[in-house]
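Hi there,

Here is the structure I promised to pass on to you. Have a look at it first, and then read my notes below.

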Amino acid sequence: MISERTQVGIVGAGPAGLLLSRLLALAGIDSVVVENRSRAYCEARQRAGLLEDRTVRLLRAAGLADRLDREGLEHGGIYLQFAGERHHLDFRDLVGRTVTVYAQTEIVKDLISERTRAGAALHFDISATEVEGIGTDHPVLRYADADGQRHQVRCDVVAGCDGFHGICRPAMPAGLMTVAERAYPYAWLGILADVPPSTDELIYCRHADGFALHSMRSLEISRLYLQVPLDEDITAWPDDRIWAELWRRFEVPAWELKEGPILEKSVTPMRSFVAAPMRSGRLFLAGDAAHIVPPTGAKGLNLALADVAVLADALVALIRDGDGGPAGAYSAACLSRVWRATHFSWWMTSNLHVPPGQDPMDEQLQLAQLRYVVASRAAATTLAENYCGWPG
Ligand code: RFL
Ligand code: PHB
């Protein structure tokens, strides 16, 4: 067993864990990050694509936005499509704000490259992660490195940034956590395609046969999603069936969907999940380890990064200044934002998807709500300020 010492032990090298390590380093606090996947896997995992303006400012302030500022695509709105009509929502006009398309894969690459250049302790391919002693002043993080050598890291604090399936949430004391959860009766089939986007801004589309979303990764690469049945077998979706279904759902007069080679496809279930509190003793949860939203509101990554911005300040106060006030307020501060985003994500999801066996009442309620959003400036403003991020 190799014994080590750090101030903050971070479990997980996703966007939350990596940004936390960077923010702490800027304040002179050292950390060890352990990740059970390989670096290549973390850098290639296809997930989010859309950043709130606040998230962009956070990355800029952390000195991580050189490539984001060069390659990110600033968007001033979205299209909302239903009943065969496409409507534009202009966020600049409604709330004076924008969002930015910049893939999570690129944020993770930028963070890993910065952390590596800074000589940070960042260990990939580890296994058997364990957290112990969170009720003491010196919790311990244990893991086995890529060669199977066991390590024991004595910490001041452990940050659980290990996503929904990690080990940190289960390491919280039994009986402490309250969990609110909702599973949705459908999934998303997502594709990455080697073809320029067929739209200038994202299209969120409700079709009688289900939701579809046209997003993008760059001016060359498109990202598209289709609502499919829960537990859908991906082999039921050869490429030509995917393109035909996308065409059908997105079809409006005088518009064309450009097709190209499909680089990747996967099926994602949809879930809302909030576990509270996000802290017990010296263990703090951040990002997907504590909460999950369905992707329709584009909030998950933004929430994860917002959590660690609050957490970094709280840990600096606790470790450097001996002030436990901000650490005590951490969970409530995050959960207020999390619940707003949870509501918005549920609202977007519920209004744009067609559940199996939808009755005429529910269908008309959805359409009435969507018509209201595109007709009322007040309703459109509500969507815009939530989509761009609340509080901003
Ligand atoms: P992550 O990214 O899951 O990272 C957790 C890391 O912890 C590692 N890990 C462990 N390491 C060591 N020991 C263990 N025992 C471990 N267990 C797990 C994992 O390997 C992993 O590397 O969580 P984090 O950092 O909290 O980040 C959250 C985001 O990844 C997530 O919320 C977003 O991707 C959600 N999301 C979106 N968010 C947005 O803000 N905008 C979007 O447009 C958006 N689109 C999406 C999305 C998520 C999607 N999927 C696939 C769920 C679209 C999709 C399809
Ligand atoms: C994406 O580009 O992957 C994306 C964009 C917006 C969403 C969800 C996913 O709401």
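**What I found**

Glu245 sits in helix H7, residues 239-250 (helices, H or I with at least four residues, and strands, E with at least two, are DSSP runs numbered from the N terminus). Before going on, please note that this is a predicted model, in which local features need pLDDT of at least 70 and side-chain atom pairs count only at pLDDT 80 or more, while totals for chains, interfaces and linings use all residues. Residues are numbered from 1 along each chain as its sequence is written, chains are lettered from A and ligands numbered from 1 in the order written, and side-chain values use heavy atoms, without hydrogens and water.

Back to Glu245: its relative accessible area is 12%, so it counts as buried (under 20%, with a 1.4 Å probe and protein chains only). Leaving aside residues up to four places away in sequence, Glu245 touches Asp209, Leu226 and Trp237 (contact means heavy atoms within 4.5 Å).

Now to ligand 2. Which residues are closest to it? Of the 13 residues that surround ligand 2, the closest are Tyr204, Ser215, Arg217, Tyr225 and Pro295 (a residue counts if one of its heavy atoms lies within 4 Å). Strands E16 (210-216) and E17 (222-228) each supply at least two residues of this shell.

An oxygen atom of ligand 2 is 2.7 Å from an N or O atom in the Tyr204 side chain, and a polar side-chain atom of Tyr225 lies 2.6 Å from an oxygen atom of the ligand.

Happy exploring!

Note on methods: Polar contact = N/O pair within 3.5 Å; in protein donor to acceptor, adjacent residues only side chain to side chain. Buried < 20%, exposed > 50% of the residue type's maximum accessible area, 1.4 Å probe, protein only.
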